[in-house]
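Trainee: Could you take me through one part closely, the packing of a helix pair? Please set it in the context of the whole prediction.

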Amino acid sequence: MTTPFGQIGAQDVLDIVVVAFLIYQAYLLVAGTRAVNVVRGILVFAGVWVAAQLLGLTTLSFLLGRAGTVGIFALLVLFQPELRAALERVGRPRGRDASASGAALQDLARAMERLAERKTGALIAIERRTPLGEYAETGVNIDALVSVPFLEALFARNAPLHDGGIILLGARVVAAGCLFPLQPADGTYRRYGTRHRAAIGLSELTDAVVLVVSEERGSMRIALAGRLGPDLNGTELREQLRELVYDYPAGRPPVPGKATSPETAQEPEEEEVRPESRSRSEPRPEIHKESL
Ligand SMILES: Nc1ncnc2c1ncn2[C@@H]1O[C@H](COP(=O)(O)OP(=O)(O)OP(=O)(O)O)[C@@H](O)[C@H]1O
């Protein structure tokens with residue numbers, strides 16, 4: 001085919017499609033995590049560099065070019081967790097196993113309620129798009145089906161794995177006793193203890209939905225995108241789990257907005273974490289059989 005840019009063949013089209021696909025996958029990987037700010041910084045840097053070249057600013061363009069070369073190696077180090085996550089995603093089996101079933105979420109919500117009633121502390125991260133393998137490695141590998149008694153047993157006060165958080169993938173508990181990254185104590189959430197700050201910290205670095213049961217207050221809350229939501233009752237918890245996990249379309253980037261933008265957090269303890277995948281005014285699909 002002849003175009004203003006010359007001859008374009010099937011190979012060129014394939015090339016463009018593959019590159020576009022890779023760029024989109026890279027975007028999916030960083031969207032909703034803190035890495036998106038680094039990407040913005042890189043785009044600004046690249047923009048200034050291109051402008052300097054177009055305007056013939058030789059010294060500036062030379063300096064930016066050199067800094068860019070060093071920057072590539074710096075990025076490899078900086079993005080090491082994301083690169084690792086990307087490789088994990090490529091190797092992960094796709095399909096229904098990777099998404100949480102309604103029955104598993106129902107059991108999860110029930111277990112959270114029972115733990116809260118007894119004031120047993122719990123920290124549960126639900127993996128969505130961002131692989132949590134590196135955090136799972138800090139704990140004990142489990143691979144067991146989610147069930148109410150199992151979750152209760154895991155967090156029971158004298159249980160060997162009650163300390164730390166557990167990670168769920170689909171309907172399975174993949175690891176327990178895991179260490180999550182702590183949100184700094186000097187930040188917005190300085191008044192909170194380490195369990196809550198670990199939940200916020202993990203949700204800031206990944207798109208995981210992190211559930212916390214407070215040992216002190218017997219409350220249930222959700223941390224999402226670096227923000228901690230309000231206390232939830234059982235019905236609200238089920239509703240949020242359905243929208244944030246069951247309805248969460250795999251591979252779709254979060255829509256930037258109140259719920260997913262950490263920068264917009266003002267008084268987080270009074271704000272509600274709202275699911276980003278569906279607005280409340282939109283009709284909900286019926287979930288048959290495994291209804292929450
Ligand atoms: N980095 C971490 N990753 C995972 N779990 C953690 C981490 N830090 C602390 N925890 C868990 O939190 C527990 C301590 O909770 P702490 O009382 O400090 O927090 P809190 O936010 O006040 O919660 P609570 O309201 O339940 O008391 C630890 O025993 C451990 O199980």
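Mentor: Start with confidence. pLDDT is the predictor's confidence in each residue, on a scale from 0 to 100. This is a predicted model, and its chain averages a pLDDT of 79. At least 70 is reached by 76% of the residues. Residues 251-292 fall below 50, although this stretch has 70 contacts in the model beyond near neighbours in sequence. Where pLDDT is low, the predicted coordinates should not be read in detail. For the complex, the predictor gives an ipTM of 0.96 and a pTM of 0.67.

Now the pair. Two packed helices are described by the angle between their axes and the distance between the axes. Take helix H5 (residues 102-117) and helix H9 (residues 234-246): their axes come within 10 Å and cross at roughly 145°. The crossing of H5 and H9 is right-handed.

Look at who meets whom. H5 brings Gly 102, Leu 105, Leu 108, Ala 109, Met 112 and Glu 113. H9 answers with Gly 234, Leu 237, Arg 238, Leu 241, Arg 242, Val 245 and Tyr 246. By class, this contact has 8 nonpolar, 2 polar and 3 charged residues. An α-helix has 3.6 residues a turn, so residues three or four places apart point the same way.

Turn next to the ligand. 18 residues surround the ligand, and the closest are Gly 193, Arg 195, Ala 198, Ser 214 and Glu 215. Helix H8 (residues 194-205) gives the most to this shell, with 4 residues. The shell holds 6 nonpolar, 7 polar and 5 charged residues.

Methods. Residues numbered from 1 in each chain as written. Predicted model: local features only at pLDDT ≥ 70, side-chain atom pairs only at ≥ 80, totals over all residues. Near = placed C-beta within 6 Å. Helix = DSSP H or I, 4+ residues; strand = E, 2+ residues; numbered from the N terminus. Nonpolar A, V, L, I, M, F, W, Y, C, P; charged D, E, K, R; others polar. Contact = placed C-beta atoms within 7 Å. Axes fitted to C-alpha atoms, helices over the stretch in contact; angles between N-to-C directions. Left-handed = near helix turned anticlockwise from the far one by under 90°.
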